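Please keep the sequence and the coordinates at hand while reading.

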Amino acid sequence: MSSKPFYITTTLPYVNAEPHIGFALEIIRADIIARAKNLAGYEVFFNTGTDEHGTKIYRKAKEQGIDTQVYVDGLAQKYKELMPLLGISTSGNGITFNFVRTTDAHHKMAAQEFWKKVADNGFIYKKEYSIKYCVGCELEKTESELVNGRCPLHPAQELETIQEENYFFKASAFQDKLIDLYEKNPTLVVPDFRFNEIKSLLKNEGLKDFSISRLATKMPWGVPVPNDPTQVMYVWFDALVDYISAIGWPDDEVAGKKQSGAFKKWWVETGGVVQYCGKDNLRQQSAMWQAMLMAAGLPPSKTIVIDGFITGEGGLKMSKSLGNTVDPLDLVKEYGTDALRYYVARELSPFEDSPFTIEKFKEGYNAHLANGVGNLTSRIMKMAEANIEVNVNAKINANAEVISVTPAILEAYNSALARYDIKTAADIIWSKIGELDAIIQKEEPFKKVKDPATKDHAVEIIEQLVKGLAEVALLLEPILPTSAEIIRKCIAENKSPAQPLFMRK
């Protein structure tokens, strides 16, 4: 019997600068969910990639005096190289990892086919217009969205005025259908307060038609509009299509086999994709994209998980345009991959904004990794290596048992992950770590094992501690996969780690 399919994707980071910690946060969280689903028996398709069209990129390449394709090739490679350094799943053992680029030939073809389908269904028209435009967001801005006449997300950038004849998507036709979708899918947007935000936006401002093309003479870097070489697709319209182009759309439909292959498996049979994105993507992902899918006659997304921002000094969002980002590679080089994954999983809020400083990162690392799970593993396995003759794994196997997590703990852990509340899931693990530490402090098996009168009881306590550590390793597997593997290996060999899991900094 084949495994049930599960499809998860990040947004595609815009390659106008080096990768930063905001993208690392999003893809690490998506990877944790992908790994957890895979461990639960699902076959997983995990998608990410790079968004490579649009005004910002075109101007950046011009500033540097290089060909735009050469510019995006270089940055896309840096994002690809980041994947293993963040501990992101590779393909195999029930997970298919996919890295899509919006300059890929297949994606461009899919974007054009999507355009044709929406146009054939009567939801694209052409008109002349004038708007205020934020290049940082690559979005039109209304007066109500501005603060002191500027975009609040890119306050250092002057708004531009665009006045030209472009194609528009008739999003307004889907206002009532979107409201109906929201009512019938109460978990479409997570968390609830973000869902309420988009509902309120639709109710108070309505869903307005938006421009989906640009004049090629002004901005040629984009997917050509079908049957009109004078226009290229607006970057958002092109990039959002990657969620379906990544899983083979429209190959089956073009071949006359409607929804019979990969698209059916990963989108239709799963009930849609789980999309991770930042809160600045709320409108694009939960309103614009869902309306576009309706216009093309395709099913909606399943769940859209909205992250908060990582903020720097002064509470400002970390962003490439503000120049206040932290390079995740620097953190990995200094502290290791699992340290960054721990910080993302447990020290940052899953849905609210979270401040970041190197001091806070180091404090969490020392307290909960070096002095926490790392120290616990060394203490338990040193006692086991010195005092247990037949390792715990062998005893369990001899009794036809398996290491398993206490049902109540497992239920709470799985429930948290089902809500995409990774912090609560991580807190459950560290609560278990605290319990094991408390047993060591109370029972002092390292002392009792030296007394012949209490040795047997002490060995029993040590064995129970090893079993508890094995539970911790099982729960850690999606979050800190490398550390979980080392702990399992130590238990299997009944040896302490050759070196501490995490060295104090």
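Leaving aside neighbours within four places in sequence, with which residues is Phe114 in contact? The model is a predicted one, in which local features need pLDDT of at least 70 and side-chain atom pairs count only at pLDDT 80 or more, whereas totals for chains, interfaces and linings use all residues. Residues are numbered from 1 along each chain as its sequence is written, and side-chain values use heavy atoms, with hydrogens and water left out.

Contact here means heavy atoms within 4.5 Å. Apart from neighbours within four places in sequence, Phe114 is in contact with Phe237, Val241, Ile244, Trp249, Trp289, Met292, Leu293, Ala296 and Leu298. Phe114 also belongs to the largest nonpolar core, which has 160 residues; Ile8, Phe46, Phe114, Phe169 and Trp267 have the most contacts inside this core. A nonpolar core is a set of buried Ala, Val, Leu, Ile, Met, Phe, Trp, Tyr and Cys residues joined through side-chain atoms within 4.5 Å. Buried means under 20% relative accessible area, exposed means over 50%, and partly exposed lies in between (1.4 Å probe, protein chains only). Helix 19 (residues 455-476) supplies the largest share of this core, twelve residues. Helices (H or I, at least four residues) and strands (E, at least two) are DSSP runs, numbered from the N terminus. In soluble globular proteins, nonpolar side chains tend to be buried together.

The packing of two helices can be considered next. Helix 5 (residues 175-184) and helix 11 (residues 282-295) pack at an angle of about 105 degrees, with their axes 10 Å apart. This angle makes helix 5 roughly perpendicular to helix 11, a description that applies from 65 to 115 degrees. The axes are lines fitted to C-alpha atoms over the stretch in contact, and angles run from 0 to 180 degrees between N-to-C directions. On the side of helix 5, Lys177, Leu178, Leu181 and Tyr182 take part, and they meet Ser286, Ala287, Gln290, Ala291 and Met294 in helix 11. By class, this contact has six nonpolar, two polar and one charged residues; Ala, Val, Leu, Ile, Met, Phe, Trp, Tyr, Cys and Pro count as nonpolar, Asp, Glu, Lys and Arg as charged, and the others, Gly among them, as polar.

Charged pairs form the next topic. A salt bridge is a side-chain nitrogen of Lys or Arg within 4 Å of a carboxyl oxygen of Asp or Glu, and the count comes to 21 salt bridges. One of them joins Lys218 to Glu164, with the closest N and O atoms 3.2 Å apart. This pair links distant parts of the chain, 54 residues apart: Lys218 is in the loop between strand 9 (213-215) and strand 10 (224-225), and Glu164 is in strand 6 (residues 160-169). Glu164 is buried, because its relative accessible area is 7%.

Asp427 and Lys423 also form a salt bridge (3.5 Å, N to O). Both lie in helix 17 (residues 422-443), four residues apart, about one turn of the helix. Asp427 is partly exposed at 26% relative accessibility, as is Lys423 at 29%.

Glu443 is likewise found in helix 17 and forms a salt bridge with Lys448, the closest N and O atoms being 3.1 Å apart. Glu443 is partly exposed, with a relative accessible area of 23%. Beyond its neighbours within four places in sequence, Glu443 is in contact with Lys448, His457 and Ile461. The C-alpha atoms of Glu443 and Ile461 are separated by 8.0 Å, although these residues are 18 apart along the chain.

Methods:
Angles under 35 degrees count as roughly parallel, over 145 as roughly antiparallel, 65 to 115 as roughly perpendicular and the rest as oblique.
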